[in-house]
Amino acid sequence: MKISCHWMADLIALDEPPDRLAADLSMLGLPVDAMERLSHDTLIDIDVTANRPDCLSHLGIARELSALYHEPLRRRAPAALDAGRDAAPAPAITIEDPDLCARFCGVRITGVRVAPSPCWLQERLLAVGQRPINNLVDITNYILLELGHPLHAYDFSKLTGGCLVARRARPGETVQTLDGRIRALAPDMLVIADAARAVGIAGVMGGAESEVADTTTDVLLESAWFQPASVRRTARALEMRTEASYRFERGADLEMPPRALWRAARLILELAGGEAVSPVVDVYPRPWAPPEIALRRERVERLVGVPVAGLPVEAMLRRLGFQVEAAPDGWRVRPPAHRVDVGLEVDLIEEVARLHGYDRIPSTLPLHPSRPVSRQFAGEKAAVRQFLKECGLQEILTPNFTDVQRDAALLWAPAGEPVRVDNPLDEGEPFLRQGLLPAMVAALKLNENNYNPDVRLFEVASVYDRCGDGHVEPVRLAIGAYGQWLPAHWSAAGIPADFARIKGVVEGLVDRLNVPAVVFDEADDAPFLQPGAAAWIRLGGGIIGYIGQLNELLAQKLKFRRKVFVAELLFEPLAAGIDRSFAFRALPRFPFVDRDMSFVVDIGVSFSTIKTSVIELKMPELAEVKLVDLYRGDDIPPDRKAMNVRLVFQHPERTLTDEEADRLRERAAASLRKRFQAQFR
Amino acid sequence: MRDDLARIMEGFEAECREVRDEPAYGLLRERYLSREKGLLTLQLKRLRDLPPAERPAFGQEVNRLKAAIETRLDELAGQVRLAAYQDRLEKERLDVTLPGFPVARGTLHPVKQVEAEICGIFQRMGYAIAEGPEIETDFFNFGALNFPPDHPARDAQDTFFIGDGSFLLRTHTSPVQIRTMQAVAPPLKVIAPGKVYRKDTPDATHFPIFHQIEGLVVDEGVSLADLKGTLEHFARECFAADARIRLRPSFFPFVEPGAEVDVSCFFCGGRGCRICKGSGWIEILGAGMVHPNVFDACGIDSERYTGFAFGMGIDRVAILRYGVPDIRMFWENDVRFLNQFHRF
């Protein structure tokens with residue numbers, strides 16, 4: 001809302017310079033977006049919040065400043081208009097749907113001459129950004145900006161039957177609005193109609209057929225009050241947003257319609273050569289009565305934290321136009337009709353605090369306690385992110401909107417159907433993502449395109465699936481890397497980001513969280529992973545994730561130049577699998593003994609089957625099975641591999657002898673020979 | 001024969017002076033003290049050739065000489081080892097200016113860092129962390145928060161709808177207020193960070209997904225003064241030790257009285273600069289006293305309890321603090337950008 005200081009001077013005498021006005025308005029809750037200095041005027045652009053339609057005019061701002069500065073308004077309200085002896089005949093006005101139109105006023109003025117407005121009027125409109133059109137239209141706009149009440153001028157000669165009625169639209173009814181478009185009306189929309197047809201959409205826009213033209217001499221001015229929610233629904237349904245709808249949908253002043261007409265009619269008589277004016281018709285079936293609100297002293301003190309003794313509550317409210325009566329525990333207060341935002345005690349308390357000044361309220365630091373609030377796995381989520389960061393990964397943030405078709409090739413184990421947004425920003429991405437891999441791959445690709453040679457990323461975020469009548473938002477964790485994990489150093493070669501590196505991170509994470517029984521097995525069936533370089537991560541019989549090289553054919557299609565390694569895990573099952581039992585275990589009192597087994601087996605025999613088969617021998621002294629070396633080379637057949645596996649033995653009550661350790665090793669070796677045809681070296 | 005011993009001593013002294021390293025020392029020691037062929041052993045063997053009367057005296061002479069040579073050799077051993085050690089030091093001298101072995105540098109996302117920092121400040125004040133879903137219903141996102149249907153207050157939060165309007169993507173973290181108050185009876189002190197969604201076309205200052213953090217305190221006797229004190233404390237921990245705050249009346253349907261909260265500009269200290277557009281203040285938060293209608297929707301007695309709530313955009317704080325020129329950079333994930341935030 002642009003306010004002209006020059007115009008404001010008509011309404012209130014102010015000594016304060018514009019800068020001061022702007023600062024004070026901001027502290028009153030009317031923040032100033034911008035100021036514009038003209039040669040003889042200053043414009044203040046105020047960002048009026050949705051609850052204060054009463055401030056969408058020069059009068060409204062003047063009322064606020066009047067209350068703040070204790071300066072009475074120069075002109076409180078326009079005076080009533082006397083039609084006089086040569087009165088034009090009063091127009092016939094009726095309200096058919098009083099639930100949507102609480103008040104409808106009209107006045108007819110004859111002998112009008114449509115012409116350009118005088119300079120001063122044009123200048124005022126131009127200053128606040130309104131294009132002058134002709135004297136009649138300009139006057140309605142002027143009233144809108146001065147008093148905040150939207151008016152509409154009809155060419156009376158074009159109204160069938162010379163009457164106006166506020167009624168719901170008839171089925172199939174249409175109206176051509178001022179912008180020339182034909183609007184199809186729905187039966188819940190309120191229209192203004194003459195005897196024959198709709199001539200305007202109530203509170204939104206007038207009709208083209210009854211529009212004021214250069215030839216107009218007989219004018220009917222409409223000034224009404226329309227139900228806010230109805231105006232808003234209508235304007236939204238028709239995708240129209242006008243100065244009128246903007247004000248009506250926020251709530252116009254019920255007391256204003258006749259006053260706005262009096263003022264407008266005077267201006268028309270003065271500036272547009274009107275000859276005769278009719279009596280003002282005021283259809284007002286159920287006049288407004290202000291609500292009575294109890295304001296308790298104790299409540300003011302409790303909510304604001306300031307003793308009421310220091311607050312001139314009654315005087316402040318009166319200055320804002322409220323009627324105030326003393327009551328035993330405080331006051332009984334009636335708000336003025338323009339304060340549509342005030343209906344409860346707290347609203348009055350805000351008025352008191354606001355006029356007193358928020359900056360004058362003291363600061364106290366409360367020491368209130370809190371009951372515990374359960375939050376699922378919050379600590380674990382933070383721990384996972386911290387761990388991955390310390391592993392050298394970089395956290396990313398990726399958008400949730402996506403195209404399921406595009407993601408399909410990279411989507412793993414959605415928990416249901418995808419969630420579709422009704423009104424997406426980008427029609428090409430109407431879905432919420434169900435997995436983190438597509439965005440992870442996109443982030444890796446962006447980095448490769450930007451010539452970043454070595455990249456290690458992770459993300460912990462929700463994905464979204466439909467589930468029954470509702471939705472689930474499971475948390476997932478994604479890892480992605482390419483290039484060198486650690487760059488080459490003058491003392492050592494670089495360490496590549498590869499399967500083992502990513503797996504080490506996942507194993508470290510599982511270890512850090514203390515999730516026992518996580519196992520990995522081949523994932524040749526994952527279409528987006530490279531066969532032979534992919535593993536499922538299993539926990540308690542279910543798959544909770546995967547690790548692997550991004551399928552090379554897929555990576556080529558995505559134009560990756562490097563090998564890409566990725567992992568994705570379901571966070572909740574992982575967190576639920578945490579073993580939270582923890583107790584100190586006595587340190588072993590006797591030294592451990594280790595024995596290495598060097599043997600050759602078929603390439604297809606995995607380390608984990610070897611480890612499991614040794615563990616299954618249930619040797620009580622066995623403490624650990626470690627892979628020390630893995631070798632494939634010319635001195636071994638191409639379908640075989642050499643392994644060096646270290647067995648660590650420990651006895652709780654004595655030192656194991658060399659002979660005992662040798663016997664234990666031989667038991668393990670015999671089992672491997674038998675089960676895997678291992679050839680020992 | 002005494003002269004022989006004197007010559008041996010002279011020779012030994014001369015040879016000692018030639019010893020530079022451990023092998024030469026070893027040879028020298030061998031040459032004089034070897035049990036079989038050492039020069040002193042040979043002298044002792046000569047005792048047999050002497051008349052018995054002279055043997056004790058000569059024996060004593062040889063032993064004295066042997067003791068002197070051993071003492072001297074031990075001394076020499078120390079010198080040789082020291083020299084060898086010094087020699088090794090020189091050979092093994094490092095160029096300490098060479099780069100050390102690198103550690104893979106990880107980073108947390110700058111927005112998440114700011115989120116963690118803000119959560120930390122409030123957790124130290126005794127706030128619990130609360131969470132809620134991102135796919136919400138109209139009731140939790142608007143209705144229970146005192147946004148009437150068909151009210152223009154909803155315009156400020158252009159909403160993504162789901163399931164033909166039966167669900168929506170939360171436009172603020174405020175629904176967590178409702179969920180928390182419905183689940184837990186007062187007294188309550190919670191902070192709720194999370195993603196929120198508004199249908200804004202992406203540009204330098206807008207992205208349809210961003211992060212907010214919501215605060216809520218409900219107890220008997222919570223006042224606007226308490227809100228001011230709390231936010232002042234927050235501003236001092238988060239922005240600058242001497243930060244000031246300013247509350248301006250404003251409108252959010254779920255609070256009354258409501259306020260916009262400015263923090264004194266942490267770039268210019270409030271004198272006025274480019275960042276604060278000369279005003280000395282930066283708008284950071286929305287806040288206010290919990291509206292009685294919100295308490296009603298949660299079944300909390302608004303006569304007995306009062307409360308305050310506040311909310312702020314985390315991305316915005318990160319942008320201001322680090323001077324990031326374009327919010328979209330937070331979502332691009334170029335590691336050259338992420339690398340800059342490794343300090344925390």
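## Salt bridges between the chains

Across the interface of chain B and chain A there are three salt bridges, a salt bridge being a side-chain nitrogen of Lys or Arg within 4 Å of a carboxyl oxygen of Asp or Glu. Take A:Arg233 and B:Asp150: they form a salt bridge whose closest N and O atoms are 2.6 Å apart. On the side of chain B that touches chain A, the largest share, eight residues, comes from helix 8 (residues 224-238) of chain B. Helices here are DSSP runs of H or I with at least four residues, strands are runs of E with at least two, and both are numbered from the N terminus.

A quick word on the ground rules: this is a predicted model, where local features need pLDDT of at least 70, side-chain atom pairs count only at pLDDT 80 or more, and totals for chains, interfaces and linings use all residues. Residues are numbered from 1 along each chain as its sequence is written, chains are lettered from A and ligands numbered from 1 in the order in which they are written, and side-chain values use heavy atoms, with hydrogens and water left out.

## The rest of the interface

How many residues of each chain are in contact? The count is 100 residues of chain B and 92 residues of chain A, with contact meaning heavy atoms within 4.5 Å. By class, the chain B side has 50 nonpolar, 25 polar and 25 charged residues. For that sorting, Ala, Val, Leu, Ile, Met, Phe, Trp, Tyr, Cys and Pro are nonpolar, Asp, Glu, Lys and Arg are charged, and the others, Gly among them, are polar.

The size of an interface is often given as the accessible area lost when the parts come together. Here chain B and chain A bury about 7800 Å² between them, 58% of it on carbon and sulfur atoms; that is the accessible area (1.4 Å probe) that the two lose on being put together, summed over both.

## A seven-strand sheet in chain A

Chain A has an open sheet of seven strands in the order 19-22-25-31-30-29-28, with mixed pairing. Two strands pair if DSSP finds at least two bridges between them. Strand 19 (394-395) and strand 28 (518-522) of chain A are at the edges with a single partner strand each, so one side of each has no neighbour in the sheet. Strand 28 of chain A runs antiparallel to strand 29 (residues 529-539) of chain A, joined over five bridges, and A:Phe520 sits opposite A:Ile537 of strand 29.

Helix 12 (residues 378-390) of chain A packs on this sheet, touching strand 19, strand 22 (455-462) and strand 25 (475-482) of chain A. The direction of helix 12 makes about 175° with that of strand 22 of chain A; axes are lines fitted to C-alpha atoms, for helices over the stretch in contact, and angles run from 0 to 180 degrees between N-to-C directions.

## A four-strand sheet in chain A

Another open sheet of chain A has four strands in the order 33-34-32-35, with antiparallel pairing. Strand 33 (622-631) and strand 35 (679-680) of chain A hold the edges, each with a single partner strand, so one side of each is left without a neighbour in the sheet. Ten bridges join strand 32 (residues 593-602) and strand 34 (residues 640-649) of chain A, and A:Arg595 stands opposite A:Leu647 in strand 34.

Two helices of chain A go with these strands. Helix 18 (residues 607-615) of chain A packs on the sheet, touching strand 32, strand 33 and strand 34, at about 150° to strand 33 of chain A. Helix 19 (residues 658-676) of chain A lies across strand 32, strand 34 and strand 35, at about 15° to strand 32 of chain A.

Most residues other than glycine have a negative phi, and most peptide bonds are trans. Where do the exceptions sit? A cis peptide bond joins B:Pro186 and B:Pro187, with omega about 5°, and B:Pro187 is in the loop between helix 7 (175-183) and strand 5 (188-197) of chain B. Another cis bond joins B:Glu256 and B:Pro257, with omega about -5°; B:Pro257 lies in strand 8 (residues 255-264) of chain B. A:Ala517, not a glycine, has a positive phi of about 65°.
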